[in-house]
Amino acid sequence: MDDSSFLALKESLQTVEETDQVIAFLESQDTFAFPSLENGLFPAAIAHESTGYQSIWVRDNIHVAHALFAVGKTEPACKAVSTLASYFLKHRDRFDKIISGETSPKQVMQRPHIRFDGNTLGEIDEKWAHAQNDALGYFVWLYCSMLMQGALSATPESLELLAAFVRYFETIRYWEDADSGHWEEARKIEASSVGTVVSGLVALNAYLDQSARWADLQHDQTPVTSKKLKSLIAQGQKALEEILPAECVQDDPLLARKYDGALLFLIFPLGLVKGQLADTILEDVRTHLMGDYGIRRYLGDSYWCADYKEVFSEDDRTSDFSDDQASRDKYLKPGQEAQWCIFDSIMSVIYGQRFLESGQTADYEKQRFHLDRSLNQLTTSECPFGPYRCPESYYLEKGKYVPNDITPLLWTQGNLMMALHQWKQTLAAGT
């Protein structure tokens, strides 16, 4: 298939067979290549070392592993998640010291590290915004989901690790803990982080009920019981009732945030937010964050703002700005936020799942609309990174939107792969 044939098929996509042809073509172009380390972990992006994206992020690995698992690529998904468990076991003392009070969660570098050296499973000695409860919640959620589906098997050691996560979340009072969240920026109490931890705890509770392995968590001086888990879940749910559909409702105007793309993940893949609340979040994103090329993470996002490469040196572009975000924000002009490529595909999946339940034409049309946008975000032959790549985002460079240097981003690849898979399910169900 040549480029023109692909474009014609992309515009059609009326049958499962056509969608399979598009997927096969993109696979032949390595669009859905997920190169991993020997231990199964995925670097965030195949990018120059100066970006830092060759490091391992817990969050990105969970999203990539989930995407692979969702489309039936079980082996690489399980390998990555198992190695993440090994990483957390290796550094379990991070949890234990905070639980015991030996170290304070206010010392961010003393928290469990969510970015590390994948080859050695060693920590990176660099200041980073490690207060990211969402990353930890994602791990518990996917690990327990895989346990429930029989894709992974729990050991006494891994169950003790899960218990340590629970005690850690309790110690830091995650429902009111200010963290740096999905975007690793200024710390605040974020619905997207609280909700991810709730999802992890719900999955753990369900697994322990299903497996009847509660007894394995009772030998410690502070046992993890069903009552404790349900209490912690309730604390998080109460906080979410007070925050959603916003991301953050703190009084400080520099922290308050009404709209944020990260809230989409509470709908999918986590499945925590449903119904009218999910409708509100989806429409907020479509109305306030959607641009011509992609979707803004949030209004006022200065990461990869206009002419970013002229403003920041190669070494500074992906630095930790969590303690001094103002130094980056001052370069942003209103409306010139980067437009990200990880969201449209997620929205397409959400509307696709809704269509299978509702049969409503509006859901079908929105599924197709966001799938088309996702496919249109693929790079062309004019891109220095090559054609058919999945960028992290498009940003303004000399007045023109172009892919940023984090191309391809494996998280974007995984989301597009799931969107095409969901589209096949819609077509198979008949429209």
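This is a predicted model: local features need pLDDT of at least 70, side-chain atom pairs count only at pLDDT 80 or more; totals for chains, interfaces and linings use all residues.
Student: How many residues of domain 2 are in contact with domain 1?

Tutor: Contact here means that heavy atoms lie within 4.5 Å. On the side of domain 1, 39 residues take part, and the number of residues they meet in domain 2 is 34.

Student: Why can the protein chain be called as compact as a globular protein of its length?

Tutor: The chain holds 16 helices and 6 strands. For 431 residues the globule rule gives 22 Å, and the chain is as compact as a globular protein of that length because its radius of gyration is close to that value, at 21 Å.

Student: Is Gly 291 buried or exposed?

Tutor: Gly 291 sits in the loop between helix H11 (275-289) and helix H12 (308-311), and, leaving aside residues up to four places away in sequence, it touches Arg 296, Gln 339 and Arg 373. A residue counts as buried when its relative accessible area is under 20%. The relative accessible area of Gly 291 is 10%, so Gly 291 is buried.

Student: Which peptide bond is cis with omega near 0 degrees?

Tutor: The bond from Leu 244 to Pro 245 is cis, but with omega near 10 degrees, and Pro 245 belongs to the loop between helix H9 (226-243) and helix H10 (264-267). The other proline to consider is Pro 408, found in the loop between strand E6 (400-403) and helix H16 (410-429). The cis bond with omega near 0 degrees is the one from Thr 407 to Pro 408.

Student: What is the relative accessible area of Tyr 388, and what is its phi near?

Tutor: Tyr 388 is placed in the loop between helix H15 (361-376) and strand E5 (393-397), and it is buried, with a relative accessible area of 9%. Most residues other than glycine have a negative phi. The phi of Tyr 388 is instead positive, near 60 degrees.

Student: Does Arg 173 count as buried, partly exposed or exposed, and what decides which?

Tutor: Arg 173 also has a positive phi, near 55 degrees, and its place is in the loop between helix H7 (156-171) and helix H8 (191-211). Because its relative accessibility is 39%, Arg 173 counts as partly exposed.

Conventions. Residues are numbered from 1 along each chain as its sequence is written. Side-chain values use heavy atoms; hydrogens and water are left out. Helices (H or I, at least four residues) and strands (E, at least two) are DSSP runs, numbered from the N terminus. The radius of gyration is taken over C-alpha atoms; the globule rule is 2.2 Å times the number of residues to the power 0.38. Buried means under 20% relative accessible area, exposed over 50%, partly exposed in between (1.4 Å probe, protein chains only).
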